[in-house]
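Thanks for coming. I will go through one structure today, from the overall fold down to single residues. Please keep the model open while I talk.

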Amino acid sequence: MNHTKNISPWAWVPTLYFAQGIPYFIVNNISVMMFTKMGVPNGEMALFTSLLYLPWTIKPFWSPFVDIIKTKRWWTLSMQILMSVAFILLTLSIPRPDEATMAAGTTPISMFSITLMLFIITAFASATHDIAADGFYMLALDSHEQALFVGIRSTFYRIATIAGQGLLIMLAGRLETVTGNIPYAWSITFFVLAGIFLAVWLYHRFILPHPAADHPAKEVSASGLMKEFFTTFTTFFQCYTLINIQLAKIMLSRTSNQTSHCSSSFRQIIQDRFQLVNSILISFQTTTALKIITWSCRNFRYKRNTSI
């Protein structure tokens with residue numbers, strides 16, 4: 001039975017995309033600020049925090065499983081409760097380095113192993129939540145409602161940006177000022193965040209509609225999963241290629257009316273951009289390799305010193 005028509009999209013679209021935005025900025029922005037405040041050296045922190053963005057990059061790889069197994073509603077609620085539990089565990093897992101170590105900026109990243117694992121779990125849960133929430137949005141609304149609420153979902157995603165990068169950081173800073181204890185301030189901040197996510201999950205548990213189109217695949221087999229995976233994978237890159245071709249056609253058609261001088265200038269700009277991108281990629285690979293080597297050496301020295 002379809003209960004979608006009995007629930008207004010205004011009741012769940014804003015909160016759904018607010019919940020989609022918060023974890024992204026927690027993992028990619030607030031984690032960096034927390035590690036910085038707790039004295040983790042930039043060289044050690046940059047490598048691991050940059051890897052936290054990886055789940056959002058590779059999420060097309062497991063999106064077929066979200067499409068086939070269970071429903072979009074189930075995935076959305078499951079990821080919200082999983083992130084709530086991760087935030088609660090983050091509250092308990094934040095280490096307590098001494099003030100002198102934090103002030104000197106020599107806190108080893110190895111102290112945050114459990115914290116980093118929880119951030120990784122949150123990142124994968126958030127990326128999966130993005131897949132499920134966007135799919136649920138498409139199934140629960142008709143084409144007219146989808147067009148109507150595009151601006152609404154974007155607005156509340158931006159509100160989540162303000163809450164994640166503004167209000168929560170203000171709370172952590174205020175608690176640090178009042179208590180003088182940096183780890184305690186961040187623990188309370190994540191505890192408040194866990195409470196917010198639990199409230200969102202509980203609200204969505206009762207308010208999210210049950211679209212008739214939101215149903216799992218009738219027969220799920222290993223061959224079917226692999227077939228769906230490769231279909232989605234190839235479709236993703238086909239669409240990506242088509243988009244680039246269309247953009248190139250648009251740019252070339254706009255420049256065809258210009259003078260030959262402008263066309264040659266345009267080609268030169270494109271060549272410069274390709275060279276710039278290529279140099280950035282090479283620089284990124286080199287920098288990443290150096291960071292891995294530096295971190296390994298520092299970690300080895302730290303373990304050797306502690307063992308002595």
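**Overview of the fold**

The protein has 12 helices and 0 strands. Its pattern along the sequence reads α-α-α-α-α-α-α-α-α-α-α-α. Please note that this is a predicted model.

Of its 308 residues, 37% count as buried. The protein exposes about 17600 Å², and carbon and sulfur atoms supply 68% of that area. Now the contacts. Taking those between residues at least 6 apart in sequence, 87% join residues at least 24 apart.

**Helix 9**

I will start with helix 9, residues 150–179. How far apart should its ends be? At 1.5 Å a residue, its 30 residues should span 44 Å. The end C-alpha atoms are 42 Å apart, which agrees.

Helix 9 also has a kink of about 35 degrees, centred on Ala163. Ala163 is one of the buried residues of helix 9. Others in that list include Ile152, Tyr157, Gly164, Gly166 and Leu168. What do the buried residues of helix 9 pack against? They pack against helix 1, helix 8 (143–148) and helix 10. Just after helix 9 comes Gly180, with a positive phi of about 70 degrees.

Helix 10 covers residues 182–207, and Ser187 is found in it. Is Ser187 buried or exposed? Its relative accessibility is 3%, so Ser187 counts as buried. Setting aside residues up to four places away in sequence, Ser187 touches Thr91, Ile94 and Arg96.

**Aromatic rings**

Next, the rings. A pair of aromatic rings is described by the distance of the centres and the angle of the planes.

How many aromatic pairs does the structure hold? There are 15 aromatic pairs. One of them is formed by Tyr17 and Tyr137, with 5.8 Å centre to centre and 90 degrees between the planes. That pair is edge-to-face. Tyr17 lies in helix 1 (residues 13–37) and Tyr137 in helix 7, so the pair ties together parts that are 120 residues apart in sequence. Tyr17 and Tyr137 are both buried.

Phe35 and Phe112 make another pair. Their ring centres are 5.1 Å apart and their planes are at 80 degrees, so this pair is edge-to-face. Phe35 lies in helix 1, while Phe112 is in the loop between helix 6 (99–104) and helix 7, so parts 77 residues apart in sequence are tied together. Phe35 and Phe112 are both buried.

There is also an aromatic cluster, made of Tyr24, Phe25, Tyr53, Trp56 and Tyr157.

The charged end of Arg153 sits over the ring of Tyr137, 4.5 Å from the ring centre. Arg205 lies over the face of Phe206, 5.9 Å from the ring centre.

Why does Phe136 count as buried? Its relative accessibility is 1%, and buried means under 20%. Leaving aside neighbours within four places in sequence, Phe136 is in contact with Trp12, Leu16, Lys72, Arg73, Leu208, Pro209, Pro211 and Asp214. Trp74 is 62 residues from Phe136 in sequence. In space, the C-alpha atoms of Phe136 and Trp74 are 9.8 Å apart.

Lys72 is on that contact list, and we can look from its side. Lys72 is found in helix 5 (residues 72–93). At 10% relative accessibility, Lys72 counts as buried. Which residues does Lys72 touch, not counting those up to four places away in sequence? They are Val66, Asp67, Ala132, Gly135, Phe136, Leu139 and Asp214. Asp214 is therefore in contact with Lys72 as well as with Phe136, because contact means heavy atoms within 4.5 Å and both lists include Asp214.

The last stop is Lys70, in the loop between helix 4 (63–68) and helix 5. Lys70 has a phi near 60 degrees, a positive value in a residue other than glycine. Lys70 has 42% relative accessibility, so it counts as partly exposed. By contrast, Lys72 counts as buried.

That is the end of the tour. I will take questions now.

Notes:
Residues are numbered from 1 along each chain as its sequence is written. This is a predicted model: local features need pLDDT of at least 70, side-chain atom pairs count only at pLDDT 80 or more; totals for chains, interfaces and linings use all residues. Side-chain values use heavy atoms; hydrogens and water are left out. Helices (H or I, at least four residues) and strands (E, at least two) are DSSP runs, numbered from the N terminus. Buried means under 20% relative accessible area, exposed over 50%, partly exposed in between (1.4 Å probe, protein chains only). Rings of Phe, Tyr and Trp (its six-membered ring) pair if their centres lie within 6.5 Å; planes under 30 degrees apart count as stacked, over 60 as edge-to-face and the rest as tilted. A charge sits over a ring if NZ of Lys or CZ of Arg is within 6 Å of the ring centre and within 35 degrees of the ring normal. Accessible areas come from the Shrake-Rupley method with a 1.4 Å probe; for residues, only the protein chains shown count as cover. The expected span of a helix is 1.5 Å times one less than its number of residues. The bend at a residue is the angle between axes fitted to the seven residues ending there and the seven starting there.
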